[in-house]
Amino acid sequence: MKKIYLCPKCYEVFALDSYPGEICPRLGCGGFFVFGVDEAMLETIIILNKKGYKTKCCCSGHVHRLSNIYIAFHPECEDRLINNLPEGFKFVPSSEHQDNDKFDFSFTIQDDIPYCERMKLFSDKNIELYNWACSLPVFLED
Ligand SMILES: [Zn+2]
């Protein structure tokens with residue numbers, strides 16, 4: 001199944017069967033990495049990166065099993081976001097991550113609740129993250 005990859009330099013989106021490698025496939029971009037993003041979180045991740053909140057890995061969650069909706073960030077924007085986190089998400093500071101190379105926040109979709117409730121949480125929480133990203137001030141000019 002195709003996965004969506006985003007270049008954080010040119011913000012081009014690529015739907016590919018496999019990881020395209022470190023170099024952005026767009027001719028002339030020169031971006032030196034692309035990362036996989038779930039469709040339900042794509043716009044949120046673009047907004048965050050354009051505002052200077054550089055993201056690392058992320059997941060929009062799943063409805064068919066226990067899963068975490070999460071976004072991990074480079075530690076450089078931790079001080080800026082620490083007092084401005086989306087409500088109801090569990091925050092894990094970089095000091096608690098191996099190598100202190102990221103911080104993240106997450107929301108767990110439990111698998112012991114009805115399917116419709118999982119669908120609703122998946123949708124509601126991803127919309128909340130999108131609105132949260134829209135509401136953030138610019139951290140660093142792109
Ligand atoms: Zn690019």
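What follows is a chat about the sheets, helices and domains of a predicted model.

Reader: Before we start, what kind of model is this, and how are residues numbered?
Author: This is a predicted model, in which local features need pLDDT of at least 70 and side-chain atom pairs count only at pLDDT 80 or more, while totals for chains, interfaces and linings use all residues. Residues are numbered from 1 along each chain as its sequence is written.

Reader: Which domains does the chain have?
Author: The assignment gives domain 1 (1-36) and domain 2 (44-135), with bounds that come from an automatic or database domain assignment. Taken over C-alpha atoms, the centres of domain 1 and domain 2 are 21 Å apart.

Reader: Take the three strands that form an open sheet; what is their order?
Author: The order is 2-1-3, with antiparallel pairing; strands here are DSSP runs (E, at least two residues) and helices are DSSP runs too (H or I, at least four residues), numbered from the N terminus. Two strands count as paired if DSSP finds at least two bridges between them. Strand 2 (13-16) and strand 3 (35-37) are the edge strands, each pairing on one side only.

Reader: What lies between strand 1 and strand 2?
Author: They form a hairpin with six residues between them, and Y11 in the turn has a positive phi of about 60°.

Reader: And which helix lies across those strands?
Author: Helix 1 lies across strand 1, strand 2 and strand 3, and runs at about 10° to strand 1. Such angles run from 0 to 180 degrees between N-to-C directions, with axes being lines fitted to C-alpha atoms, for helices over the stretch in contact.

Reader: Switching topic, what is the strand order in the open sheet of four strands?
Author: That sheet has the order 4-5-7-6 with antiparallel pairing, and its edge strands are strand 4 (55-59) and strand 6 (90-92), each of which pairs on one side only. On average, neighbouring strands of this sheet are turned by 15° against each other, direction ignored.

Reader: Which residues face each other there?
Author: Among them, T55 has F73 in strand 5 as its bridge partner, F73 stands opposite F103 in strand 7, and F91 has F105 in strand 7 as its bridge partner.

Reader: Last topic: how do helix 1 and helix 3 cross?
Author: The axes of helix 1 (residues 42-50) and helix 3 (residues 115-135) come within 9 Å and cross at roughly 20°. Helix 1 and helix 3 are therefore roughly parallel to each other, a label for angles under 35 degrees, with over 145 counted as roughly antiparallel, 65 to 115 as roughly perpendicular and the rest as oblique.

Reader: Which residues make that contact?
Author: E43, T44, I47 and L48 of helix 1 meet L129, Y130, A133 and C134 of helix 3, where contact requires C-beta atoms, placed from the backbone, to lie within 7 Å.

Methods: Two residues are in contact if their C-beta atoms, placed from the backbone, lie within 7 Å.
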